[in-house]
Amino acid sequence: MGLAEGLVLALLGGVLALDGTSVGQFMVSRPIVACVLAGWIAGDAAAGAMLGMVLEALHVAVLPVGAARYPEAAPAAVAAAGVYVAGGGGEGLLLAVILFALAWEWAGSWTVSRLREFNVRVAVPDGTPLEPAAVGRRHMAAIAVDFARGAAVTAVGLVLLSFLAQAIPLAGFPQGWGRLAVGIAAAAAVASSFRLFGTQRLAWFAAGAAAGAVFLVAR
């Protein structure tokens, strides 16, 4: 992966990190979207989409609402997809980037918590009321800091994962473990869906799953 490509991926991670809570929440920070975009930048959107489906399945039940701490998906997904595509794919690399992404999501979550503490300190530093214009400037500054944070988390993730991918002898990795990871992700997606929709909406969930299966078989 070249320096220019890494910088573009880091900027993408910064933009998608904003979608988590700061701006929009258009769901473009979901792993499936982040991996497709990162894979496209790295040269293979389809490979990025495949990785994104696995990470999305493991992330289905995570919704960025309220003040709860949750794993931050976008920067980790961008780093994982960028290294996966740049490394040429393969089952060993697939499993490695999935495990790294799941761990790096919590590193991103830690930085989100620190950012919120920073925002509280700068919002009203001395406890006195602020003019509307000053509130607007501080709000924009907080968004800029969040963008820089997301870009930094993505860049560090790219560097660390690239180093690990080169240091670990993935060529001798047992074949089939990548498919095992995909199977576990599918099981996690089903369990997460039951958690989200509950038994009261089980019939609608089953109807949607059946319709999707029919579509895949008939296409």
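Let me begin with helix 1 and helix 4, which are roughly antiparallel to each other, a label given to angles over 145 degrees. This is a predicted model, in which local features need pLDDT of at least 70 and side-chain atom pairs count only at pLDDT 80 or more, while totals for chains, interfaces and linings use all residues. Residues are numbered from 1 along each chain as its sequence is written, and side-chain values use heavy atoms, with hydrogens and water left out.

The axes of helix 1 (residues 3–20) and helix 4 (residues 74–86) come within 8 Å and cross at roughly 155°, where axes are lines fitted to C-alpha atoms over the stretch in contact and angles run from 0 to 180 degrees between N-to-C directions. Helices here are DSSP runs of H or I with at least four residues, numbered from the N terminus. On the helix 1 side the contact (heavy atoms within 4.5 Å) is made by Leu9, Leu12, Gly13, Leu16 and Ala17, and on the helix 4 side by Ala74, Pro75, Val78 and Gly82.

Staying with helix 4, we find Ala76 there, and Ala76 is buried, with a relative accessible area of 1%, buried meaning under 20% with a 1.4 Å probe and protein chains only. Leaving aside neighbours within four places in sequence, Ala76 is in contact with Ala101, Trp104 and Glu105. Ala76 also lies 8.5 Å from Ala103, C-alpha to C-alpha, although the two are 27 residues apart in sequence.

Finally, Leu55 touches Pro31, Cys35, Ala77, Ile98 and Ala101, not counting residues up to four places away in sequence.

Definitions and conventions
Helix = DSSP H or I, 4+ residues; strand = E, 2+ residues; numbered from the N terminus. Parallel < 35°, antiparallel > 145°, perpendicular 65-115°, else oblique. Buried < 20%, exposed > 50% of the residue type's maximum accessible area, 1.4 Å probe, protein only.
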